[in-house]
Amino acid sequence: MRKDYAYFPGCSLRGTGAEFGASLEAVFRHLGYTLEELPDWNCCGATSGHAIRPRTALALAIRNLAQAAATHKPLVVPCAACYHNLRAARLAVEGGDPALVAEALPIPAAGIAAVSVVHPLEVLSSKEALAEVRAKVVDKLAGFRVASYYGCLLSRPPKAVKFDDTENPTAMDRIVAAIGAQPVDWSWKVDCCGGNLSLSATEVAVDLIAKILAGAEEAGANAIAVACPLCHANLDTRQFEASRKLRRKVEIPVFYFTELMALAYDLPRAEKWLRKHITTPFPLVDAILEEE
Amino acid sequence: MIKAKVERGSVLVVGGGVAGMQAALDAAAMGFKVHLAEAKSALGGQMSALDKTFPTNDCAMCMLSPRLVEIGNNPNIEILPLAEVKAVEGEAGDFHVTLRRRPRFVDVKKCTACGDCLDVCPVEIPDAFNRDLSSRKAIGRLYPQAVPSAFAIERLGPARCRLACPAGTNAQGYVALAGKGKFLEAYNLVRETNPFVSVCGRVCYHPCEKECTRGLIDEPVAVMALKRYVADKVRAGKLLDGEPLPERDPAKARRRVAVVGAGPAGLAAAYRLAKAGYSVTVFEEREKPGGMMRYGIPAYRLPKDELDFEIGNILKLGVELRSGWKLGRAGSVDSLLGQGCEAVFVAIGAWKGLKLGVPGEDAGGVLDAVTFLEAANSGRDVTVGKRVVVIGGGDAAMDAARTALRLGAEKVTVLYRRSREEMPASIAEQNEALEEGVSFQFLAAPTGFVVKDGAVEALSAVRMKLGEPDGSGRRRPMPIAGSDFTVPADTVLVAISQAVDADGAAQSALGMTDWKTVRVDPLTLRTSRERVFAGGDAVTGPATVIEAVAAGNRAARSIENLLEGRPLVEGQNPAEAEALPSVSDETLEEARARMRSKACRQAMPEAPARERAADFREVALGFDDAAALAEAERCLACGICSDCGQCAAACEAGAVNYDDAEREETIDVGAIILATGFEPYDATRAGEYGYGRYANVVTSLEFERILSASGPTFGHVERPSDGKAPRRIAFIQCVGSRSVTDAANPWCSGVCCMYSTKEAIIAKEHAPDTEVTVFFIDIRAHGKGYERYRDSAEKVHGVRYVRSMPSTVKEIKRTGNLALRYAGDDGKLVDAEFDLVVLAVGLEPARDAKAAAEALGIALDPHGFPETKESSPADTSREGVFAAGTAAEPKDIPESVITASAAAARAGELLAGARGSEIRPEVFPREREVASDQERIGVFVCHCGSNIAGVVDVDGLAKYAATLPGVAAAEDLMYACSPDGLERIRKAIRELGLNRVVVSSCSPRTHEPIFRRALREEGLNPYLFELANIRDQCAWVHRSDAAAATSKARDLLRASVARARFLEPLHDTEVEVTAHALVVGGGAAGMTAALSLAGQRFGVTLVEKEKALGGNLRDLRQSVGGLDFERYLAALTKAVTSNPKIQVLAESRLIEQSGYVGNFESVISTPAGEVAVRHGVTIIATGAEEYAPTEYLFGKDARVVTQRQFEQGLAEGRAAGGAVAMIQCVGSRDDSRPYCSRVCCSEAVKNALESKRRSPETPVYILYRDVRTYGFKEELYRKAREAGVLFIRYTPERKPEVTAAGDGLMIRVFDHDLGEEVEFAVGTLVLSAGIVPRPDAGEVARLMKLPLTQDGFFLEAHMKLRPVDFATEGVYLAGLAHGPKLFDESAAQALAAAGRAATVLSKKTVSVGGSVAVVDEDLCAACLTCVRLCPYEVPVIKDGAAKIEPAKCQGCGVCAGACPAKAIQLLHFKDAQVVAAARALVAGGD
């Protein structure tokens, strides 16, 4: 089983999703993985760039792939948007229009096609990896009923990103089960959270967010796990507006799945990361972990 | 026309669904021998699982079942179940076919379908017939009416658990039996390979669990714990105590075998040999038998009484035990052989504990674990110190440590040189030891002992680290320099390994390996000595009980072989030869889906650690009933049949045959008809709808079963999650169809709109307040009568149709309800909740279609269906191989039946010269004259296994029958229908001179033909038979009241006997057939039919009213498939007019027809005067015509044309002149013509595409209501959209408005997508005018007394299964006269009509008479009652009285019942016969 990877943190894992980056790095280290940060990485192209100048977005992504090719390691990309963009660029290199690619970034394409872009969920959900994930558990998270939320960027379009079932992915659910929490099957795991519309068309996003939060609660979850900084931001920070929309109070903590793993492994800084959340997870975490 | 060099008179039909059955029946009736190969164990195909059928709501099974019986009884159809085509060699007319026949494991000839096996089979599997919504047994049949009715066993092979067991113990089998509470059966099943059930239920290392398939999904089944549960139940219930011992053959009993060593290997061999009948003596060194089981394993793991019980059972078989006998000391192998033993099995174990080889090992307090355990387990007084150290990491080390604890040690430490991960002791034992307080020191090895006063004081040791892997694959421990330490100890137990304990002489007598174990041949276990065998630990070194047992079995088999003079290896599989079957992902997926319980593995309850460590009570407490049942249910039954043998034991007919195996068969045939059907689309691929994930999302086929009275819920509509009646049901159409994604198919499946409509109606009929919503894209009700049917669903039944596709289904967890979101009529999103969602899944090529195509050597189209020709839709790319039904393209049942008859016709053309050459006419003895005889009735009462005899007192009934008037003989039979039962009946007829026979058994529906046949074989008229149904109508329905059932059986039998006294022989008259056909109508259908008939070597008269042949084809230019009609018509006309067998009468009309099937006489008016034609059959192919529009300025403005005119213009290269608009449904689907003309959408799309091809820039608009491009024509629709054709939907409420302007035609139409009215100008307006009947259709109908539909098309005999027949025998229907259809469909129907006609023309004679109505002319008042009531329009009034032509009469009896003057009698059901039965029935007989 491969344990050394190149690593693309992207802007969010150093900024708004810093707790995702920190918890991910800690958990991977704890499981014996090495993550080598991609030298001189740049924006993945997921900012407004991909809507305004798709070619620039593609060029940005391809440059990252070229950097990764030099490491001769698979590239772990945790942010769903980065992952999505790099995979899409990868597909463009492999099966797309070579002229378009050449035009996007005139660098030697050699090696780029061989770069494998993987998501941490993909790395940790293999049968062998799961056995290790399970073996290291110190605090079983029994009592956590977790709705795993994958959003849209990790699941579609299937041609570019497929590593799990498009409509019913289970990689995160399997990890959640391996750390002793109870995965909750629910219907909204690949629905859109509103993404960037959260700022530009808040009403639309809140509508979507409310449906997802209500769906998780209805399915009996007391926590949501995510693997994308944007999903986290939307689900975590909009619960007040969502409650207003639903005309009832919704309060359900939203964790990065790596934070839950850190809790299960009793990693020292886990609590610090959780303090960054807007919807406080502490009543739940304290109630369950202290019971033991 | 096709011709073959060699012609064989036989046809192979591949596939036994509705199409295959039709093709087989037709081909057989044409005079060909038919081999009907079906992949499943019975015929019936997909139709057998349908509830009702559209548009008549007839029950599917009620229609199918008589056909099944007809095929089953047809002497010229050989059914080949479980058969697939492997290869086809040769050429058209002379094929050499290799078939793969899968094993049935039940002898079809012996099985009587009594069902006794069903009660005993312990394996329940999901019932595929019920779409896994209920369960069935591993043995059984697909459905009750299945033909062949014989059962079959679903058996994949040994399960992985069984293969993983060294002794091959049938774990799946005993787990299944345990789950059914069959403890003794389970126990005995284990004992077939292992006499130590209880022992291995407690101490086995259970490799079975490691390989358990369930373990690949979650956790393995607790196989060992279930074995113990079985053993405990057997002991506690004293189930074994009354068991009789097997009888011994004295000759065998004189032969003696010696076994040395009473451990598991020796005793297993002794058990097996004793059971085989030999005399066995076991020589044992120790006081008691059991070996390591007794002296090695402590009682807290294996209580001694359990061991005593099982050894006692071995000794009970007559095995003699001599204890205190040690090899070498008491005697040698040679001395045993010298004392008359013919063979010796040496199983002396490995009892010598190995030494560490470090200084101080001889000190007091240091001893080896074997010696220690032996002493402790013998009950001898053993003392241990306070601080005990155990060296080693195996099971023996755990046993020693835990025993020491129980003997009072205060601190027990286990020292092991590797880490815990490498430790060989079982995890469970490690954990138990830890719980009890044993501590472990890993990575530590002893270096010596600190000895004081000759006694050990402490142990010196060194820390280890793990280096590179060694030969065993484990990492080699290496000492860490300078890490020495000491552990204080006053007892040290060394448990590192064991060796064989035998003196030098004994060793050299046997021959040893370098490892100091006995050297043997691994396959036979023979030593270097001829008659001496060895096994167990003595050969392998210390191992496990089950491995020793396996060795004992192997040695016993060798010894048996030796004694019986067979080669030693016979029946011996190499130990490790059978590799475990790998489990594919698909299998696992299926297993996952099949998982009935998601329950986790049950935990074994244990005595509390603190309490149990104080004494030797048993630690593991065993499962209670609930835990055992739950655990047994976790078994996936991955071999399906578990080979438990219960059915074979229960089958009194001896029909079960486990040795059945796959085989190849070859047959020679002249033609092959492929009718392998379709596969429903796998809805899990449409993940967005959550099928397989949400309980209440079902497929349409599942819903079909849920609706069905024979389904999993017996016709109560219940949803799967909670069994509640769904109040709101949603249908989602086009699941898997009409899609361009990889997960679905591009074509339209053609039937889903209608079956959903049917299911919606039936659901409403079940519960009228159910709200049913159908979500659809286009409703495709393009078949005959379908539009009306759909309209009635909406208007009469209240089904709601919503033109919108929900993109996803969400489950509301709390209620199990489903949330759908869709765009409403106004384009706004609507959220709706439903209790049940039905996915209308499409049709795909059969799963093995590709393999079948390869075997048959035919080409497939890109969709995976066989390529066929438009003008001859039954022909595939290989001559002589034809395709029928959905194997060729998705289609509904009538079209499947049509293509089947068409395929039979094509085969008939190919093989016309060999017709009749391979069928054998049946010859029966001359009939005995009986009418004047005194009646001598024979009564036979059938037990039907226990089906009847289990409820009704059969013996008593037979005795009672003997007392009834007229009865000459009465007896009871186990199975009257079995070959020996039938022989008894025949013998009685022969020897006792019986002249009437009554069988009191099951249903005449299935069995009457069999018994009638037996009568004919003995020269009795078949009508002298009577059947009393005391099974279906008595025993089965009155199971709970045996006395009343017996009384009713008497009544029924008495009635039958009374009726039998009045039975009369009936004779059919044979009338010669005129082998000539009359075809009315010279269009495409008429000409195609005529050519096929001529090709089958029958004469044809083709009557055409016009001067030229061709009909509508003359006005058409191109088919939707691209065929050039002008060229095709020219060729077709030439073929017809130049064929010497075809007489064409142009400008002619049929003016008179009389006669009946086989012998019609017609008068044709021709330009040359009237012509009389004698013919055996008539085909009506009078066509239909294009509607002449009155709307949209047609006829008023030259720019408005019909679709047909537009096509002609395109063909002639006339420019359209500006934009083109087409309006669909002109003259169709309105109040005056409420039917769909079927062809217009495809024609419009085809012509639009052609217009785009010629002039891409010219805009084309198609104004439609539903786009009905069914089947593969959906591709044309997609291409049209891609080519830029604009589709605008309109509704009949807001029809488009057309106004003429100077420079164009203005079209105004409300666009539903935009939600507003649009207006645009076009240069040409094309009206898709519908198809209307010919104005003279009514005249033809009257002339020939044929019925018409409300719409004026001819009405066939049955819309589903007889689509080309009229109710009047010998008259057939083809082409547009039947209803609107495309060219290829007309061609298929024309061939089908020719095929059906050939079934009559092929016969030399037709039988007339039998059970038909006869008129007493003296009584007849000519009141016309019969004329009006007869559904077949047979009676006519002639010369003042009704005349009923026996050739036409169907024997339904309607006229006889209704005749006011009682002038009509139905033969075989004459008043005297019926009244006698009724009187006897109510008379009471006791």
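Two strands are taken to pair if DSSP finds at least two bridges between them, and strands themselves (E, at least two residues), like helices (H or I, at least four), are DSSP runs numbered from the N terminus. The structure is a predicted model, in which local features need pLDDT of at least 70 and side-chain atom pairs count only at pLDDT 80 or more, whereas totals for chains, interfaces and linings use all residues. Residues are numbered from 1 along each chain as its sequence is written, chains are lettered from A and ligands numbered from 1 in the order in which they are written, and side-chain values use heavy atoms, with hydrogens and water left out.

In chain A, strand S7 (residues 223–226) is joined by three bridges to strand S5 (residues 145–148), the two running parallel, and by three further bridges to strand S8 (residues 254–256), again in parallel. A:Ala225 of S7(A) is the bridge partner of A:Ser148, and A:Ala225 is also partnered with A:Phe255 in S8(A). Strand S7 of chain A is covered on both faces, with A:Ala223 and A:Ala225 on one side and A:Ile224 and A:Val226 on the other, all of them buried, where buried means under 20% relative accessible area, exposed over 50% and partly exposed in between (1.4 Å probe, protein chains only).

Chain B contains 45 helices and 68 strands, and its C-alpha trace spans about 135 × 90 × 60 Å along the principal axes. Of the 1486 residues in chain B, 59% are buried. Among contacts (heavy atoms within 4.5 Å) in chain B between residues at least 6 apart in sequence, 71% join residues at least 24 apart.

Over all chains, 126 salt bridges are found, each being a side-chain nitrogen of Lys or Arg within 4 Å of a carboxyl oxygen of Asp or Glu. In one of them, B:Asp334 is joined to B:Arg529, with the closest N and O atoms 2.4 Å apart; this pair links distant parts of the chain, since B:Asp334 lies in helix H15 (residues 333–338) of chain B and B:Arg529 in the loop between helix H19 (504–510) and strand S27 (532–534), 195 residues apart. B:Asp334 is partly exposed, with a relative accessible area of 43%, and B:Arg529 is likewise partly exposed, at 24%. By contrast, the salt bridge between B:Arg406 and B:Glu436 (3.0 Å, N to O) is formed by two buried residues. B:Asp791 and B:Arg790, whose side chains meet at 3.3 Å (N to O), are both buried as well. Salt bridges that share partners join B:Arg301, B:Asp399, B:Arg402, B:Arg406, B:Glu429, B:Glu432, B:Glu435, B:Glu436, B:Glu606 and B:Arg612 into one network.

Between the two chains, 11 residues of chain A are in contact with 11 residues of chain B. The area buried between them, that is, the accessible area (1.4 Å probe) that two parts lose on being put together, summed over both, is about 1100 Å², of which carbon and sulfur atoms give 41%. On the side of chain A, A:Glu167, A:Ser187 and A:Glu218 lose the most area to chain B, together 46% of what that side buries. Four salt bridges are counted between the chains, including that of A:Glu218 with B:Arg814 (3.8 Å, N to O). The residues of chain A that touch chain B divide into three nonpolar, two polar and six charged, where Ala, Val, Leu, Ile, Met, Phe, Trp, Tyr, Cys and Pro count as nonpolar, Asp, Glu, Lys and Arg as charged, and the others, Gly among them, as polar.
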